[in-house]
Amino acid sequence: MREEFIDSFSVLDINTKRNQISNELIIIHELIKEFENKKGIEPITRVKNYDTIKNASLTEGEMLTFIYEDIYNIQQELISLLNLYD
């Protein structure tokens, strides 16, 4: 990762950082779903979209759980794909 991206991210406020991380996870999941669609595979999970208004009051622990669920779901999609093509 280029240093400019890290520097740009580091100056964001916490709520915007949370939203950016959520957006990146959504993009990863969408790429997986696009591959699955091309192969005729039904996705088994979904990734949540962080709401900068509704979710802004989440504690650090709640936010980590929010992100963990999305990471876990992405992992399950990848495991399923690997099992199909192994």
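Helix α2 passes helix α3 in a left-handed crossing, meaning that the near helix is turned anticlockwise from the far one by less than a right angle (clockwise would be right-handed). The model is a predicted one, with local features needing pLDDT of at least 70 and side-chain atom pairs counting only at pLDDT 80 or more, while totals for chains, interfaces and linings use all residues. Numbering runs from 1 along each chain as its sequence is written, and side-chain values use heavy atoms, with hydrogens and water left out.

The two helices, α2 (residues 14-38) and α3 (residues 60-84), pack at about 15 degrees with axes 11 Å apart. Here axes are lines fitted to C-alpha atoms over the stretch in contact, and angles run from 0 to 180 degrees between N-to-C directions. The pair is therefore roughly parallel (angles under 35 degrees; over 145 is roughly antiparallel, 65 to 115 roughly perpendicular, the rest oblique).

On the α2 side, residues meeting α3 include Arg-18, Leu-25 and Phe-35, and their partners in α3 include Glu-60, Phe-66 and Leu-81.

Arg-18 sits in α2 and is buried, at 12% relative accessible area (buried is under 20%, exposed over 50%, partly exposed in between; 1.4 Å probe, protein chains only). Beyond its neighbours within four places in sequence, Arg-18 touches Tyr-50, Asn-55, Ala-56, Leu-58, Thr-59, Glu-60 and Met-63.

Methods. Helices (H or I, at least four residues) and strands (E, at least two) are DSSP runs, numbered from the N terminus. Contact means heavy atoms within 4.5 Å.
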